[in-house]
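Please study the sequence and the model shown here. The paragraphs that follow lead through some of its features, one region at a time.

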Amino acid sequence: MQHVKVPQDRIGVLIGEGGETMREIERRAEVRLDIDSETGAVAIDEVGDPVAGMLAPDIVRAVGRGFTPEAALSLLDDDMRTFELIDLQQHTRNKNDLQRQKGRLIGENGRTRELMEELSGAEVVIRGTTLGIIGQPEEVEAVRRATGMLLDGAPHGAVYSFLERKHNELTRDFDVQPSD
């Protein structure tokens with residue numbers, strides 16, 4: 001049995017309307033979830049396929065960090081999809097610095113975060129003191145590098161250029177064109 005703590009304001013999302021989301025996670029990950037809505041503690045008990053069960057804590061954690069249940073459940077769709085959390089506090093000096101850096105990562109009207117998603121193909125959520133990523137390994141790596149660049153003070157333009165290069169690498173068409 002594994003235990004995950006979910007923020008109070010995300011318990012409702014984890015349970016879903018009439019327990020719908022919780023049942024979907026239980027069914028697809030082959031686990032039983034015991035959710036304490038008072039404390040946010042979630043006990044996860046594997047009842048079926050242990051491989052699917054191993055992903056259940058990440059699915060619950062992802063919902064807790066702000067991902068939609070659909071995005072979190074996408075971890076079960078492909079063996080290569082991963083969930084990663086970057087603790088922004090480790091890269092900041094104090095609360096003011098954390099707020100400033102979160103602002104840089106989110107961008108004006110959320111544009112920087114959106115571009116990270118669009119150009120990497122990963123899903124990105126910034127909540128509290130963390131930045132969460134769900135995607136293929138190379139997508140997650142692109143977002144991790146872009147995040148590192150922004151936290152290190154790189155200009156947004158340089159980060160966008162990096163992401164565009166990565167996007168072109170990740171989506172390059174490998175069709176061989178016949179030569180004349």
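Glu30 is found in the loop between α2 and β2 (31–36). Helices and strands are named here from DSSP runs (H or I of at least four residues for helices, E of at least two for strands) and are numbered from the N terminus. The model is predicted, so local features need pLDDT of at least 70 and side-chain atom pairs count only at pLDDT 80 or more, while totals for chains, interfaces and linings use all residues. Residues are numbered from 1 along each chain as its sequence is written, and side-chain values use heavy atoms, with hydrogens and water left out.

Glu30 has a positive phi of about 55°, although it is not a glycine. With a relative accessible area of 32%, Glu30 is partly exposed; buried means under 20%, exposed over 50%, and partly exposed in between, for a 1.4 Å probe and protein chains only. A positive phi of about 55° also occurs at Asn109, which is not a glycine either. Asn109 lies in the loop between α5 and α6 (111–120), and its relative accessibility of 74% makes it exposed.

Two packed helices are described by the angle between their axes and the distance between the axes. The axes are lines fitted to C-alpha atoms, for helices over the stretch in contact, and the angles run from 0 to 180 degrees between N-to-C directions. Helix α2 (residues 20–29) packs with α3 at an angle of about 150°, and their axes are 8 Å apart. This angle makes α2 roughly antiparallel to α3, given that angles under 35 degrees count as roughly parallel, over 145 as roughly antiparallel, 65 to 115 as roughly perpendicular and the rest as oblique. Ile25, Arg28 and Ala29 of α2 meet Ala52, Gly53, Ala56 and Ile59 of α3, where contact means heavy atoms within 4.5 Å. By class, this contact has five nonpolar, one polar and one charged residues. Ala, Val, Leu, Ile, Met, Phe, Trp, Tyr, Cys and Pro count as nonpolar, Asp, Glu, Lys and Arg as charged, and the others, Gly among them, as polar.

Helix α5 (residues 95–106) packs with helix α7 (residues 137–151) at about 130°, with 10 Å between their axes. Helix α5 is therefore oblique to α7. The contact is made by Gln101, Arg104 and Leu105 of α5 together with Thr147, Leu150 and Leu151 of α7. In this contact there are three nonpolar, two polar and one charged residues.

Which residues does Gly132 touch, not counting residues up to four places away in sequence? They are Phe67, Glu84, Leu85, Glu123, Val124 and Val125. Gly132 lies in strand β6 (residues 130–135) and is buried, with a relative accessible area of 1%. The C-alpha atoms of Gly132 and Ile86 are separated by 6.3 Å, although the two residues are 46 residues apart along the chain.

Rings of Phe, Tyr and Trp (its six-membered ring) pair if their centres lie within 6.5 Å; planes under 30 degrees apart count as stacked, over 60 as edge-to-face and the rest as tilted. The count by this rule is one aromatic pair. The ring centres of Phe67 and Phe83 are 6.0 Å apart and their planes stand at 85°, so the pair is edge-to-face. Phe67 is in the loop between α3 (50–64) and α4 (69–73), whereas Phe83 is in strand β4 (residues 82–87), 16 residues apart. Phe67 is buried at a relative accessible area of 1%, and Phe83 is buried at 13%.
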